[in-house]
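Please read the following walk through one protein chain with the sequence and the 3D view open. The text goes from a pocket to a loop residue, then to a strand and the cores.

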Amino acid sequence: MLLKIDRANTIYIAGPMTGYKDYNFPAFNKAELDLRNSAWDVENPTKHGIVEGATWEDYMLSCLAQISKCGNMYMLKGWESSRGAQIEHSLANTLGLIVYYQE
């Protein structure tokens, strides 16, 4: 059964993690705070933390599930150099999500 979900006010944060200090979690968390203060419902992929034994593919599958709840995506600086963020960006464009970019 297909469920209709209201995604209009939900936004997913995408950006680089691999190779960044603390996996860039501080940038994701700051963006989450700023977006929540602007009345967005936020899906932050860093909320799972570091999962022992998880692979890159495991993290991406989790992210894709979060994206499925959203009608919008917020791209952090440096997303262009991230394989995962490029995939998320492409999916957002394919699905017609509204994409915003960090200044």
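The largest pocket in this predicted model has a volume of about 450 Å³. A pocket here is an open set of points on a 1 Å grid over the protein atoms alone, where a 1.4 Å probe fits, with protein on both sides within 12 Å along at least five of seven lines; lining residues have an atom within 4 Å of a point. The volume is the space filled by probe spheres set on the points, which are joined across faces, edges and corners. Of the 25 lining residues, Met-17, Thr-18, Tyr-23, Trp-56 and Tyr-59 are the closest to the centre. Helices H1 (25–37), H2 (56–67) and H3 (83–95) each give two or more residues to the lining. Helices (H or I, at least four residues) and strands (E, at least two) are DSSP runs numbered from the N terminus.

Local features need pLDDT of at least 70 and side-chain atom pairs count only at pLDDT 80 or more, while totals for chains, interfaces and linings use all residues. Residues are numbered from 1 along each chain as its sequence is written, and side-chain values use heavy atoms, without hydrogens and water.

Next comes a loop residue. Ile-50 lies in the loop between strand S2 (41–43) and H2. Ile-50 counts as exposed because its relative accessibility is 55%; exposed means over 50%, buried under 20%, and partly exposed in between (1.4 Å probe, protein chains only). Not counting residues up to four places away in sequence, Ile-50 touches Tyr-23, Phe-25 and Tyr-59, where contact means heavy atoms within 4.5 Å.

Asn-72 belongs to strand S3 (residues 72–75). Is Asn-72 buried or exposed? Asn-72 counts as buried because its relative accessibility is 2%. Its side chain reaches the backbone oxygen of Thr-10 at 3.1 Å.

Nonpolar side chains tend to be buried together in soluble globular proteins. In this model, the largest nonpolar core has 12 residues, among them Tyr-12, Ala-14, Cys-63, Met-73 and Val-99. Such a core is a set of buried Ala, Val, Leu, Ile, Met, Phe, Trp, Tyr and Cys residues joined through side-chain atoms within 4.5 Å. Strand S1 (10–14), H2, S3 and H3 each give two or more residues to this core. A second, separate core of nine residues includes Ile-13, Val-42, Tyr-74 and Leu-76. Leaving out residues up to four places away in sequence, Ala-14 touches Phe-28, Met-73, Tyr-74, Met-75, Leu-76 and Glu-88.

Technical notes:
A polar contact is a pair of N or O atoms within 3.5 Å; within protein, one must be able to donate a hydrogen and the other to accept it, and residues adjacent in sequence count only if both atoms are side-chain atoms.
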